[in-house]
Amino acid sequence: MSARTDRRPLAVFDIDNTLADTDHRQHFLERRPRDWDGFFGAAPADPPLARGVALAVERAADSEIVYLTGRPERCRADTEEWLTRHGLPEGRVWMRGNQDRRPARTTKLEVLRRIARGREVRVLVDDDELVCQAARAAGFPVVLANWAAEAPELKAAQEGEGRT
């Protein structure tokens, strides 16, 4: 069934620290200035997070899967290849514009509202607490992905630098 005719509810998944374990590339964010090219360049080597992948596969049984990531558009090919390689369900990938530096809670809520027009969003699964709070306040059902290791530098960057 094509995405155009699929009317099942949507299950929206973040990628970094929800489906993909970014722990091995956190060191790129601990430097000043942060090494964003190194951080995103290492993404293809991310190991999958079993709990997130299992939840996406489970949700695909009754929902259309959509990926909503703060990764910049320039990472699309690597991101889509990673999703396929790790057996994640097919789904549209929404990415941040290459020059968009707004906080994740702003950009992701904007996209959520856009994709929810005429469609039920059954769940948003994301590791960013501020994204989850904003989505919940806007009426979206949320699952906080708390199964990855803490990534304080990534959390700071999500809000302060609008990079992921």
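These legends describe close-up views of a predicted model of one protein chain.

View 1. The secondary structure comes to 7 helices and 5 strands. From the N terminus on, the order is β-α-α-α-β-α-β-α-β-α-β-α. The chain has 164 residues, and 51% of them count as buried. Its accessible surface comes to about 7,800 Å². Carbon and sulfur atoms hold 50% of that surface. Among contacts with a separation of 6 or more, 73% join residues 24 or more positions apart.

**View 2. Helices α5 and α6 pack against each other.** Two packed helices are described by the angle between their axes and the distance between the axes. Here α5 spans residues 104–115 and α6 spans residues 129–137. The angle is about 40°, and the axes are 9 Å apart. The two helices are therefore oblique to each other. Their crossing is right-handed. On the α5 side, the contact is made by A104, R105, K108, L109 and L112. On the α6 side, L130, V131, A134 and A135 meet them. By class, this contact has 7 nonpolar, no polar and 2 charged residues.

**View 3. K108 in helix α5.** K108 has its place in helix α5. Is this lysine buried or exposed? K108 has a relative accessible area of 3%, so it counts as buried. Buried here means under 20% relative accessible area. Leaving out residues up to four places away in sequence, K108 touches D14, L68, T69, G70, D126 and V131. V131 is also one of the α6 residues in the contact between α5 and α6.

**View 4. Y67 in strand β2.** Strand β2 covers residues 64–72 and includes Y67. The relative accessibility of Y67 is 0%, so this residue counts as buried. Which residues does Y67 contact, leaving aside its neighbours within four places in sequence? They are F13, I15, L19, L83, L88, P89, G91, R92, V93 and W94. P89, one of these contacts, lies 22 residues from Y67 along the chain. The C-alpha atoms of Y67 and P89 are separated by 9.9 Å.

**View 5. M95 in strand β3.** M95 sits in strand β3, which covers residues 92–96. With 14% relative accessibility, M95 counts as buried. Leaving aside neighbours within four places in sequence, M95 is in contact with T69, R71, P72, E73, C75, R76 and T79. T69 is also one of the residues that K108 touches.

View 6. N17 is found in the loop between β1 and α1. Strand β1 covers residues 10–13. Most residues other than glycine have a negative phi. N17 is not a glycine, yet its phi is positive, at about 65°. N17 has 4% relative accessibility, so it counts as buried.

View 7. D128 lies in the loop between β4 and α6. D128 has a relative accessible area of 4% and is buried. D128 and N17 are 111 residues apart along the chain. Their C-alpha atoms are separated by 8.9 Å.

View 8. Most peptide bonds are trans. The bond from R32 to P33 is cis, with omega near -5°. Where is P33 found? P33 is in the loop between α1 and α2. Helix α1 covers residues 27–30, and helix α2 covers residues 36–41.

Definitions and conventions
Residues numbered from 1 in each chain as written. Predicted model: local features only at pLDDT ≥ 70, side-chain atom pairs only at ≥ 80, totals over all residues. Heavy atoms only, no water. Axes fitted to C-alpha atoms, helices over the stretch in contact; angles between N-to-C directions. Helix = DSSP H or I, 4+ residues; strand = E, 2+ residues; numbered from the N terminus. Parallel < 35°, antiparallel > 145°, perpendicular 65-115°, else oblique. Left-handed = near helix turned anticlockwise from the far one by under 90°. Contact = heavy atoms within 4.5 Å. Nonpolar A, V, L, I, M, F, W, Y, C, P; charged D, E, K, R; others polar. Buried < 20%, exposed > 50% of the residue type's maximum accessible area, 1.4 Å probe, protein only. Areas by Shrake-Rupley, 256 points an atom, 1.4 Å probe, with all protein chains shown as cover.
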